Amino acid sequence: MMQLSVRLVPVDDTTLVIALTGELDSTTKPVLAAFLDPLPQTTVKHVLVAGGDLWFCDLNGLDLLARTHRALQEKGGHLALAEVQPPLRRLIALMTEQSAATIPVFATMPEALAAAGVEAYQPAEPALRRRHLPRLRTVPRAPSAARAQARSRREPAPAQAAQAARPRAAEIELDVSSLPSVIFEARSLRDQALHQQQALNNQLTAAAQARAQLLTTRRRCDDSLMAMRSSLSEARSILTLAEASQERPHLS
């Protein structure tokens, strides 16, 4: 069964990178359409499709990309392809000869990002936290009774000293700026799984209907074969009677 994996990588508020893996045809077209169709109603203007891992694409999938490209052009943006395979390049070239709307194709993703107005894009790296090293403490000698009594007056209680010497817990900082993209990607993966499950259910239903139709056809063939055998037996009986009736005059 053909499958299509869709991974969304938001670059900024108006630019979105979509990485495709698998095969794009009439079966997997609804999976990608679920992500592309709502984009013209959002703030996204530029959609960059990374097709390096797209093994196959027919006219159904290319028509979906061209439709999204025209919708984004109406709001001042575009849909572009990057790192696509040679067969898809030839298919786009043939489609361009018969259509006025041309889908931009770039050899690399940095070129596609530059055409969309993104100068440099690097994913944010997590901040490194400095770790403190343990300190070695010398073991004090056993003091005399007078020194111990004087020190007990100056020093606080052991529990208070331990609480004061205990290092403060490091404050946990949560980067909330990355939460929207993470939530959006999680929802996209969930929707993708639901669409693939629905496509699988539709194929199972079609297979069950085809099996039922084959069984019905088989029963009809069996009935026809039995009718033909009965007709053949009757024809043999008629021929036998006819031969017997022809032989009787000669005997008389």
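What is the strand order in the open sheet of five strands, and what kind of pairing does it have? The order is β1-β2-β3-β4-β5, and the pairing is mixed. Keep in mind that this is a predicted model: local features need pLDDT of at least 70, side-chain atom pairs count only at pLDDT 80 or more, and totals for chains, interfaces and linings use all residues. Residues are numbered from 1 along each chain as its sequence is written, and side-chain values use heavy atoms, with hydrogens and water left out.

**The overall picture**

- The protein has seven helices and five strands; helices (H or I, at least four residues) and strands (E, at least two) are DSSP runs, numbered from the N terminus.
- Walk along the sequence and you get β-β-α-β-α-β-α-β-α-α-α-α.
- Out of 252 residues, 23% count as buried, where buried means under 20% relative accessible area, exposed means over 50%, and partly exposed is in between (1.4 Å probe, protein chains only).
- The accessible surface comes to about 19300 Å², and carbon and sulfur atoms own 56% of that; these areas come from the Shrake-Rupley method with a 1.4 Å probe, and for residues only the protein chains shown count as cover.
- Take the contacts (heavy atoms within 4.5 Å) between residues at least 6 apart in sequence: 75% of them join residues at least 24 apart.

- β1 (4–10) and β5 (105–106) are the edge strands, each pairing on one side only; two strands pair if DSSP finds at least two bridges between them.
- β1 and β2 run antiparallel and are joined by seven bridges.
- That pair makes a hairpin, with four residues between the two strands.
- If you want a spot to look at there, V6 has L20 in β2 as its bridge partner.
- β2 and β3 run parallel instead, with nine bridges joining them.
- On that side, A19 stands opposite A50 in β3.

- α1 lies across β1, β2 and β3, and runs at about 15 degrees to β1.
- α2 lies across β2, β3 and β4 (78–82), and runs at about 135 degrees to β4.
- For those angles, axes are lines fitted to C-alpha atoms, for helices over the stretch in contact, and the angles run from 0 to 180 degrees between N-to-C directions.

**T28, between β2 and α1**

- T28 is found in the loop between β2 (15–24) and α1 (29–36).
- Is T28 buried or exposed? T28 is buried, with a relative accessible area of 4%.
- A polar atom of the T28 side chain lies 2.7 Å from the backbone oxygen of E23, which is a polar contact (a pair of N or O atoms within 3.5 Å; within protein, one must be able to donate a hydrogen and the other to accept it, and residues adjacent in sequence count only if both atoms are side-chain atoms).
- The T28 side chain also has a polar atom 3.1 Å from the backbone nitrogen of D25.

**Salt bridges**

- How many salt bridges are there? The count comes to two, a salt bridge being a side-chain nitrogen of Lys or Arg within 4 Å of a carboxyl oxygen of Asp or Glu.
- One joins R67 and D37, with the closest N and O atoms 3.3 Å apart.
- This pair links distant parts of the chain, 30 residues apart: R67 is in helix α2 (residues 59–73), and D37 is in the loop between α1 and β3 (46–57).
- R67 is partly exposed at 36% relative accessible area, and D37 is partly exposed at 40%.
- D191 and R190 form a salt bridge too, with 3.8 Å between the closest N and O atoms.
- Here D191 is partly exposed at 30%, while R190 counts as exposed at 51%.

**S188, in helix α7**

- S188 is found in helix α7 (residues 179–251) and counts as buried, at 7% relative accessibility.
- S188 touches L8 and F35, leaving aside residues up to four places away in sequence.
- S188 and R7 are 181 residues apart in sequence, yet 7.9 Å apart in space, C-alpha to C-alpha.

- Most residues other than glycine have a negative phi.
- E83 has a positive phi, near 60 degrees, and is not a glycine.
- You'll find E83 in the loop between β4 and α3 (86–98), where E83 counts as partly exposed at 36% relative accessibility.
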